[in-house]
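The sequence and structure are shown first.

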Amino acid sequence: MAKPTPRWSTRLASGFGAATSWVLLAVRGLVSAVRWLGGALWSVLRGLLLWALRPLRRRWVRWLLAVLAVVSAIFVAWSYGHVAADSAPRVYGDVAEVPRREVGLVLGTNPLLSSGQPNPFFDYRMDAAAALWRAGKVRLLLVSGDNGRDEYDEVSAMRSALVARGVAASAIILDYAGFRTLDSVVRCRSVFGVLRPVVVSQRWHAERAIFLAQAQGMDAIGFAARDLSARAAVRSYLREYLARAKAVLDVAVLHTQPRFPGPPEPIAGLAEQATATSQ
């Protein structure tokens, strides 16, 4: 028969077990509190650090934007002069001085302004193209413009305007995919086989077209149509700065191709046709 345990020993063991449990609970609580306090302190310190660095970050962003703006302005100004450097001397203002070529490339524009009034740029280009043809400086006129929508047709408007000015309809060739200057110039060579065109447009526009043509290996010259006053054409002049920067990027970096290259449709009887279509 087992010997009975004294009553005081049982009470002591029970008290010791309860005390141990309370100590363990207290330790666990203390560890949790320390962890929570550490997380809270880290969150506060991280927030204060980010708040302190915020002006510095904003300052760097401002500096970066300022540097980008300056570099962009320098590039735009350089592009304008770079385009004009070689092409400006190749643009003629007097029809009597224009060397004889076979084809004149007439660059399109909207015949009407947004107000619905006639567009002087369009009329002056048509005047110049007709004068060039009547003077016998070119045999054919390649009119290139935008006909991307059924309701918008620069090419047909140019043809009608030229016929009204006395140009023979048989002397007019139509390019309906001249969506932009680059498209008109590249297609002049790759589709129609013309290597030595006379570009007809306002002087600043003709210079850019000649720059693009030279990048395609073309021997292009220009005939400057009458221009508007600086005050009347200020938007066009400002836009030309950006257009020349885009032209430099298209040629040197992006190697942009026409939206619709099209199959070759060489003009019959051109002296340089075989060379143009073989390259």
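Arginine 101 is buried, its relative accessible area being 11%, where buried means under 20% relative accessible area, exposed over 50%, and partly exposed in between (1.4 Å probe, protein chains only). The model is predicted, so that local features need pLDDT of at least 70 and side-chain atom pairs count only at pLDDT 80 or more, while totals for chains, interfaces and linings use all residues. Residues are numbered from 1 along each chain as its sequence is written, and side-chain values use heavy atoms, with hydrogens and water left out.

The partner of arginine 101 is aspartate 219, with which arginine 101 forms a salt bridge at 3.5 Å between the closest N and O atoms. This pair links distant parts of the chain, 118 residues apart: arginine 101 is in the loop between β1 (91-92) and β2 (103-107), and aspartate 219 is in the loop between α5 (203-215) and β6 (221-225). Aspartate 219 is partly exposed, at 30% relative accessibility. A salt bridge is here a side-chain nitrogen of Lys or Arg within 4 Å of a carboxyl oxygen of Asp or Glu; helices (H or I, at least four residues) and strands (E, at least two) are DSSP runs numbered from the N terminus.

| Salt bridge | Closest N to O distance |
|---|---|
| Arginine 101 with aspartate 219 | 3.5 Å |
| Arginine 208 with glutamate 240 | 2.9 Å |

Arginine 208 pairs with glutamate 240 through a salt bridge. Because arginine 208 lies in helix α5 and glutamate 240 in helix α6 (residues 234-254), the pair ties together parts 32 residues apart in sequence. Both partners are buried: arginine 208 has a relative accessible area of 12%, and glutamate 240 one of 2%.

Aspartate 250 and lysine 246 are four residues apart in helix α6, so about one helical turn separates them. Aspartate 250 is buried at 2% relative accessibility, whereas lysine 246 is partly exposed at 34%. Elsewhere, salt bridges with shared partners join Arg90, Arg101, Arg196 and Asp219 into one network.

Aspartate 183, in helix α4 (residues 181-190), is buried yet has no salt bridge. Its nearest side chain of opposite charge is arginine 180, 4.2 Å away; Lys and Arg count as positive and Asp and Glu as negative, while His and the chain ends are not counted. Neighbours within four places in sequence aside, aspartate 183 is in contact (heavy atoms within 4.5 Å) with Ala177, Gly178, Pro258, Arg259 and Phe260.
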